[in-house]
Amino acid sequence: MRTIFNATSPKLLGICLRVLKDREEAEDALQDVFVSVWQRASSFDPAKASAITWLATIARNRSIDRLRSRKQQRFSAPLEDGLEIPDDAPDAFTLAADGQGRQQLKGCIAELENRAQSMIRAAFFDGLAYSQLAERAGVPLGTLKGWMRRGLRQLRECLQK
Amino acid sequence: MNEAELLAAEYALRLLEGEELMEARRRSADDPAFPASVAEWEEHFAALYEDIEAEIPAPGTWEAIVRRLDGEANDASGSTVVVSLRRKLVRWQAGAIAASVAAVIMLALQLTPPDRSTIPAPVEKKQVAPLLLASLAGDQAPEALTVAFNPESRELMITPARIAAPAGRVRELWLIAPGAAPVSLGLVNSAGIQRRQIPADLARGFQTGSTLALSDEPTGGSPTGQPTGAVLASGSLSQV
């Protein structure tokens, strides 16, 4: 277990920090992640998800749970904050990834119009729900949902090519 | 893309709130295709994790996690035997994940800083009689419950996950030794860890290869002494 911790915790902490934007809270969330991984190890199904995706998804979900349980939600990060330059050095996550599939997703996101790209990134990296995305974009909830759903449909079409 | 796939994408991204979120959760429980679709989207979106920079956790993070796991294993209400059962269970679960991700870890190890920590393992080394464990699963209940049995103390520990019963129905646990008829181990609820002391004659049925099954029964349990309702989940015992 410690081996797994050493090998994966930096990336998982990066994910927690990306969502929570608060070092101390991200460290707490990281602990939740490993306690949760330990408790739910038997539910991991290699046929359904790669181990790394499973771990990363738990990290993102635990962080979003924390984010949403905050009494005062913070919307400090700008919408475009999702665009980060990837590290050149491959890590366990990159290597574990099915390279072609991963590039396909990124390629498909890049094909979307800028607005849809930003929304998907803000949802994914900042853990924003529909209402928060609408608030940030300053548009009615229904309008935003329409945008997002169109973007997701286009993404799906592209992924099926 | 159909509506369910769209909902799965929204659910995976965590966009949903309120009624829409409830709907997705309902579907998640009722429709086996839905969680699969969610997992597929999660796998797609996982490509984006590559864009996140790694951060080194603060010193002492691992120790803090170990303390939390030990805290759970040492739940104040437990007897010594139960504590050792829980510890075994924790260790067994850790083993399961370790095996599952071993290949990935081998890759990862080449790229992460060497292990500088000297923290002791989170579980005690004391030898206990081989524990028997069964993980019960069924079509509608992928991880219904985990059952651990200590042959030395004849103590049974049941950790239910998803076994909620509708009104008027209960869940009954059965032991089926090879070549023998099912024997009731009593009713199981979803309230938390449950412990039973097993009589010596019944304890002999707890062996590698015996099956444990969870059935749907009327309130009060099976009136016949044999399972009368559908078998919701089953699993066989194996040594830890």
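Predicted model: local features only at pLDDT ≥ 70, side-chain atom pairs only at ≥ 80, totals over all residues.
Q: What do the buried residues of helix 1 of chain B pack against?
A: The buried residues of helix 1 are L7(B), A8(B), A9(B), E10(B), Y11(B), A12(B) and L13(B). They pack against helix 6 (114–126) and helix 8 of chain A, and also against helix 2 (18–30) and helix 3 (33–45) of chain B.

Q: How should I read the packing of helix 8 of chain A with helix 1 of chain B, and at what angle do they pack?
A: Two packed helices are described by the angle between their axes and by the distance between those axes. Here helix 8 (residues 141–160) of chain A and helix 1 (residues 3–13) of chain B pack at an angle of about 105 degrees, with their axes 10 Å apart, and these two helices are therefore roughly perpendicular to each other. From helix 8 of chain A, the residues R149(A), L152(A), R153(A) and R156(A) meet E5(B), L6(B) and A9(B) of helix 1 of chain B. Sorted by class, this contact has 3 nonpolar, no polar and 4 charged residues.

Q: At what angle do helix 1 of chain B and helix 3 of chain B pack?
A: The angle between these two helices of chain B is about 55 degrees, and their axes are 8 Å apart, so helix 1 and helix 3 are oblique to each other. Helix 1 of chain B passes helix 3 of chain B in a right-handed crossing. On the side of helix 1, the residues A4(B), E5(B), A8(B), A9(B), Y11(B) and A12(B) take part, and they meet F34(B), S37(B), V38(B), W41(B), E42(B) and F45(B) in helix 3. The residues of this contact divide into 9 nonpolar, 1 polar and 2 charged.

Q: Is L144(A) buried or exposed?
A: L144(A), which lies in helix 8 of chain A, is buried, with 22 other C-beta atoms within 10 Å. Not counting residues up to four places away in sequence, L144(A) touches Y130(A), L133(A), A134(A), A137(A) and V139(A). L144(A) and M119(A) are 25 residues apart in sequence and 9.1 Å apart in space, taken from C-alpha to C-alpha.

Q: Which residues of strand 1 of chain B are buried on each side?
A: In a regular strand the side chains alternate between the two faces of the sheet. In strand 1 of chain B both faces are covered, with L132(B), A134(B) and L136(B) buried on one side and L133(B) and S135(B) buried on the other. Since 5 of the 5 residues of strand 1 (residues 132–136) of chain B are buried, this strand is largely enclosed by the rest of the structure.

Q: Over how many bridges does strand 1 of chain B pair with strand 2 of chain B?
A: Strands of a sheet pair through backbone hydrogen bonds, in either a parallel or an antiparallel sense. Strand 1 and strand 2 (residues 145–150) of chain B pair in the antiparallel sense over 5 bridges, and L136(B) has L145(B) in strand 2 as its bridge partner. Strand 1 of chain B is also joined by 2 bridges to strand 9 (residues 238–239) of chain B, again running antiparallel, where L132(B) stands opposite Q239(B).

Q: In what order do the 4 strands of the open sheet in chain B stand?
A: The order is 5-4-7-8, and the pairing is antiparallel. Strand 5 (183–188) and strand 8 (231–236) of chain B stand at the edges, each with a single partner strand, so one side of each is left without a neighbour in the sheet.

Definitions and conventions
Residues numbered from 1 in each chain as written. Chains lettered and ligands numbered in written order. Axes fitted to C-alpha atoms, helices over the stretch in contact; angles between N-to-C directions. Parallel < 35°, antiparallel > 145°, perpendicular 65-115°, else oblique. Contact = placed C-beta atoms within 7 Å. Nonpolar A, V, L, I, M, F, W, Y, C, P; charged D, E, K, R; others polar. Buried ≥ 20, exposed ≤ 12 C-beta atoms within 10 Å, placed from the backbone. Pairing = 2+ DSSP bridges. Left-handed = near helix turned anticlockwise from the far one by under 90°.
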